[in-house]
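Please look through the sequence and the model before reading on, and keep both at hand. The paragraphs below go from a single residue to the sheet, its turns and loops, and then to a pocket.

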Amino acid sequence: MATDTMKFYATGRRKTAVARIWMFGGDGNITINRRDAEHYLTRTTNMKIVEQPLLATGTSDQYDVWCTAKGGGLSGQAGAIRLGIARALLRVSEEYRDALKGSGYLTRDARKKERKKYGRKGARARFQFSKR
């Protein structure tokens with residue numbers, strides 16, 4: 001399979017963030033919203049989260065990643081990008097499934113913020129109660 005000329009697309013979601021990922025042969029550049037990933041993701045922990053699937057499969061210097069991320073905050077977007085990269089790597093080759101699945105990069109984190117309920121201060125917190 002000639003992966004140099006092929007593009008692989010995948011989508012990742014986390015909380016309210018959505019990331020669309022395009023992966024193609026290259027030398028390991030990661031671009032998020034037309035900016036270099038190091039400049040877009042200000043925290044180094046978020047940058048490490050994005051690189052995890054590539055490092056787990058040993059392909060960090062074989063593919064360029066171009067993605068758009070919107071919604072949520074930077075940490076949620078980093079998680080969405082990580083899931084999208086892992087799914088795109090599966091489209092490249094099914095041989096990566098064991099490494100990605102074992103590390104938990106293919107699992108969609110379904111946790112979201114719980115909505116505020118009426119008659120309450122928040123999702124679960126109540127207003128202060130006084131008997132008198």
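L100 is a residue of helix 4, which covers residues 97-103; helices (H or I, at least four residues) and strands (E, at least two) are DSSP runs, numbered from the N terminus. This is a predicted model, in which local features need pLDDT of at least 70 and side-chain atom pairs count only at pLDDT 80 or more, while totals for chains, interfaces and linings use all residues. Residues are numbered from 1 along each chain as its sequence is written, and side-chain values use heavy atoms, with hydrogens and water left out.

Is L100 buried or exposed? L100 counts as buried because its relative accessibility is 0%, where buried means under 20% relative accessible area, exposed over 50%, and partly exposed in between, with a 1.4 Å probe and protein chains only. When the neighbours within four places in sequence are left aside, L100 is in contact with P53, T57, A86, L89, L90, Y105 and L106, contact meaning heavy atoms within 4.5 Å. Between L100 and R115 there are 32 Å in space, C-alpha to C-alpha, and the two are 15 residues apart in sequence.

Five strands form an open sheet with mixed pairing, and their order is 1-2-5-3-4; two strands pair if DSSP finds at least two bridges between them. Strand 1 and strand 4 (35-36) stand at the edges with a single partner strand each, so one side of each is left without a neighbour in the sheet. Helix 3 packs on this sheet and touches strand 1, strand 2 (17-25), strand 3 and strand 5, and its direction makes about 145° with that of strand 1, where axes are lines fitted to C-alpha atoms, for helices over the stretch in contact, and angles run from 0 to 180 degrees between N-to-C directions.

How do the strands pair? Strand 1 and strand 2 run antiparallel and are joined by eight bridges, and strand 2 also pairs with strand 5 in the antiparallel sense, over eight bridges. Strand 3 (residues 30-32), by contrast, pairs with strand 5 (residues 63-70) in the parallel sense, over three bridges. Individual residues let you follow these pairings across the sheet: T11 has R20 in strand 2 as its bridge partner, and R20 in turn stands opposite T68 in strand 5. V65 in strand 5 has M23 opposite it, and I30 also stands opposite V65, while T31 stands opposite W66 in strand 5. In a regular strand the side chains alternate between the two faces of the sheet.

The bridge partner of G12 in strand 2 is A19, and G12 is buried because its relative accessible area is 0%. Beyond its neighbours within four places in sequence, G12 is in contact with A17, V18, A19, A80, L83 and G84.

Next come the connections between strands. Strand 1 and strand 2 form a hairpin with two residues between them, and K15 in the turn has a positive phi of about 55°. The loop between strand 3 and strand 4 holds N33, whose phi is near 50°, a positive value in a residue other than glycine. R34 lies in the loop between strand 3 and strand 4 as well, and R34 has a positive phi of about 60° although it is not a glycine. N33 counts as partly exposed because its relative accessibility is 25%, whereas R34 is exposed, with a relative accessible area of 73%.

What is the volume of the largest pocket? The largest pocket has a volume of about 160 Å³. On a 1 Å grid over the protein atoms alone, a pocket is an open set of points where a 1.4 Å probe fits, with protein on both sides within 12 Å along at least five of seven lines, and lining residues have an atom within 4 Å of a point. Grid points are joined across faces, edges and corners, and a volume is the space filled by probe spheres set on the points. Among the lining residues are R13, N46, L83 and Y105, and helix 3 gives the most to the lining, with four residues.
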